[in-house]
Amino acid sequence: MTIDLLITNANVFNTFLKTFELKNVAIQDGKFFYLSPVSEMDFDFLEQLDAKGKTMIPGLIDIHLHIESSMIPPSIFSKVGLTHGVTTIVADSHEIANVFGIKGIQAFLAEETEMDIFYAIPSSVPSTTSKLETTGGTIGIEEVRELLADPRVIALGEAMNFKGITSEPDSLIRQILRETQTLKPFLPLEGHIPRVSGIDLAKFMFTGITADHTHQTPESIYEKISSGMFIELQKKSLTKENLALIAKYNFYEYLAIITDDIMADDLLEGHLNANVKLAIECGMPVEQAIYTSTYTPARRMGFQDRGAIASGFIADFILLDDVKSLDISAVYKAGKLVHTKGEQIGYPEIKPQFPENFYHSLHCKKTTLEDFKIPVNSTSDAVLCNVIRIQETSTFTEHVQREIPVKDGYLDWETSGLALLMVMERYGKNGNIAYALVENTISKKGAIATTWAHDHHNLMVMGTAAEDMMLAQHQLLEMEGGYVVIQDKQVSGSCPLPIGGILSDKPIQELGRQLKEVRQGMVALGYKNANEIMSFSTLSLPVSPNIKITDVGMMDVRTQELIPLMEG
């Protein structure tokens, strides 16, 4: 028998024993054919590779991520991800769906990629309800039925609407859950369950939701796994405390390492491999780190053909120069070499193609200085305002109240020490404008604006000076979306995202440079957070604790009750 590729002298990870074994590996028709001790393999071959003792592990599998968070389309993402050893992903593309509805998802499905990209149906478009946030598109029952007919759709994406899931039996999200379970009863149902426990956790699970990917603590991991829930660990949950708890109870079978959101500048440095490396550094045994980034995610999503180096499995694998540091020597997809150490991250041969209207999706007015004047119906010198206070280490926020001075009948927010946040409906549907005050954000004179506003992606601008806010909004409209930073009436950072206001079709190296410029501009304005861009972009995410804002107004995330800017 003549095989396609014979790899000799490889230190192969045995998924089922969680050990490394010196083997020869025969690959035929893009699949692993046979593994044997190095002294026993006797095949004719078309190609041979002496691994020289390099470690051979399965290709990494990321089962929960949003491609749009990298701000590049699937074809570019595929090229980048493969260089980091990621050979299969399951993408929840609810960001492009919030902008364009099912047409956005169909545009993603039409992209040609080397990486295997499967999809989870965006279950929460909008993330709450159309009364609480305006989106460009929606995903309802009919769209769910259509997407379920595509074999690349293998899961229901994160269900996020806390109130709709726990206390509204006839909400859209509950209808989608029931419809999915009826049409595809064994489809994995993913959840977004931050800071939820006890009876509320039971209510989520009672609807059929069996996984959570949000920020975890040792207590939440223990409660959720011991209750029967699968945990997907993103970067901020890979802590020594969490991994010690997992080791204590040997919870490895019930979790996977994932990425969730990773931006282009970070993606240049690493993807799922970076989180696997972090897990090892924080104390997870190497064998378990590999296991929970290959086999357990495959099993969670029902894959029967990948996640291990075994006969009949797709020959997706990585050769490592050093296993502990995950130092990648080469990446293979279906038995074909797709990346070698030292090669620059590639750009697809065919430029991503999207409909023309995807490049012209901002339909809101240019602001004037009047739009930043907030009238006060009071003769007092000050008024009590509800304020969003951000945290420096996460995207969570707190609800606080502050006395803000009043001048000539208007809120004197520019002297308050706070920033003004404005959200404008951008789809040309209703012209909504909402305002909030934000604490612990930029401290110098300037403004930040974006159309990458989780998850509705309306236009959002925050600043400490009205003129800078106006200039930032004008610049954003001219760019057809993206990020802009203004300091003292000058652009200090700019990242155009003309595809739906959330994606770029430029090479990732160029996009990464632009994002770095935006980050530096935000830091120069005094913004302090572990991830400045994500912190800003999630101020508009009405399913992330505790108080956020949409184009409708500020709201309590748990109760979904609107919160007025001013009391009384």
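Colleague: Which residue just after H1 takes a positive phi?

Modeller: This is a predicted model. Helix H1 covers residues 74-83. Just after H1 there is a positive phi of about 85°, and the residue that takes it is Gly 85.

Colleague: How many of the residues of helix H1 are buried?

Modeller: Buried here means under 20% relative accessible area. The buried residues of H1 include Ile 76, Phe 77, Val 80 and Leu 82, and also Ser 75 and Ser 78. Helix H1 is mostly covered, and its buried count is 9 of 10 residues.

Colleague: How far apart are the end C-alpha atoms of residues 55-338?

Modeller: UniProt, in an unreviewed entry, places the feature "domain: Amidohydrolase-related" at residues 55-338. Over this span the chain is 37% helix and 20% strand. Its end C-alpha atoms are apart by 17 Å.

Colleague: What share of residues 395-560 is strand?

Modeller: UniProt lists residues 395-560 for "domain: Adenine deaminase C-terminal", again in an unreviewed entry. The end C-alpha atoms of the span lie 18 Å apart.

Colleague: Which strands stand at the edges of the open sheet of 9 strands?

Modeller: The order of the sheet is E19-E18-E17-E21-E20-E23-E22-E24-E25, with mixed pairing. An edge strand here has a single partner strand, so one side of it is left without a neighbour in the sheet. The strands in that position are E19 (410-411) and E25.

Colleague: Which residue in the hairpin of E24 and E25 takes a positive phi?

Modeller: Strand E24 (residues 482-487) pairs with strand E25 (residues 490-496) in the antiparallel sense over 6 bridges. Within that pairing, Val 484 has Ser 494 of E25 as its bridge partner. The hairpin has 2 residues between the strands, and the positive phi, near 50°, belongs to Asp 488.

Colleague: Which residue of E27 stands opposite Lys 548?

Modeller: E26 and strand E27 (residues 554-556) run antiparallel, joined by 3 bridges. The residue of E27 opposite Lys 548 is Met 555.

Colleague: How many disulfides does the model have?

Modeller: A disulfide needs two cysteine sulfur atoms within 2.5 Å. By that rule the count comes to 0 disulfides. For Cys 364, which is in no disulfide, the nearest cysteine sulfur is that of Cys 495, at 18 Å.

Colleague: Is Cys 364 buried or exposed?

Modeller: The cut-off for buried is under 20% relative accessible area. Cys 364 has a relative accessible area of 19%, so Cys 364 is buried.

Colleague: Where does the cis peptide bond from Pro 545 to Asn 546 place Asn 546 in the chain?

Modeller: That bond is cis, with omega near 0°. Most peptide bonds are trans. Asn 546 is found in the loop between helix H16 (532-537) and E26.

Colleague: What is the omega of the peptide bond from Val 125 to Pro 126?

Modeller: Pro 126 lies in the loop between strand E8 (116-121) and helix H4 (141-148). The bond from Val 125 to Pro 126 is cis, with omega near 5°.

Colleague: Is Asp 29 buried or exposed?

Modeller: Asp 29 is in the loop between E2 and strand E3 (31-36). Its phi is positive, about 55°, although Asp 29 is not a glycine. At 63% relative accessibility, Asp 29 counts as exposed.

Colleague: Which residues make the nonpolar surface patch of about 310 Å²?

Modeller: One member, Met 1, lies in the segment before strand E1 (2-14). At 55% relative accessibility, Met 1 counts as exposed. The patch is made by Met 1, Phe 33 and Tyr 34.

How values were computed
Residues are numbered from 1 along each chain as its sequence is written. This is a predicted model: local features need pLDDT of at least 70, side-chain atom pairs count only at pLDDT 80 or more; totals for chains, interfaces and linings use all residues. Side-chain values use heavy atoms; hydrogens and water are left out. Patches are made of residues with over 30% relative accessible area and no salt bridge: like charges are joined within 9 Å, nonpolar side chains (Val, Leu, Ile, Met, Phe, Trp, Tyr) within 5 Å. Accessible areas come from the Shrake-Rupley method with a 1.4 Å probe; for residues, only the protein chains shown count as cover. A salt bridge is a side-chain nitrogen of Lys or Arg within 4 Å of a carboxyl oxygen of Asp or Glu. Helices (H or I, at least four residues) and strands (E, at least two) are DSSP runs, numbered from the N terminus. Buried means under 20% relative accessible area, exposed over 50%, partly exposed in between (1.4 Å probe, protein chains only). UniProt positions are given in the numbering used here, feature names are shortened, and annotations may be inferred rather than shown by experiment. Two strands pair if DSSP finds at least two bridges between them.
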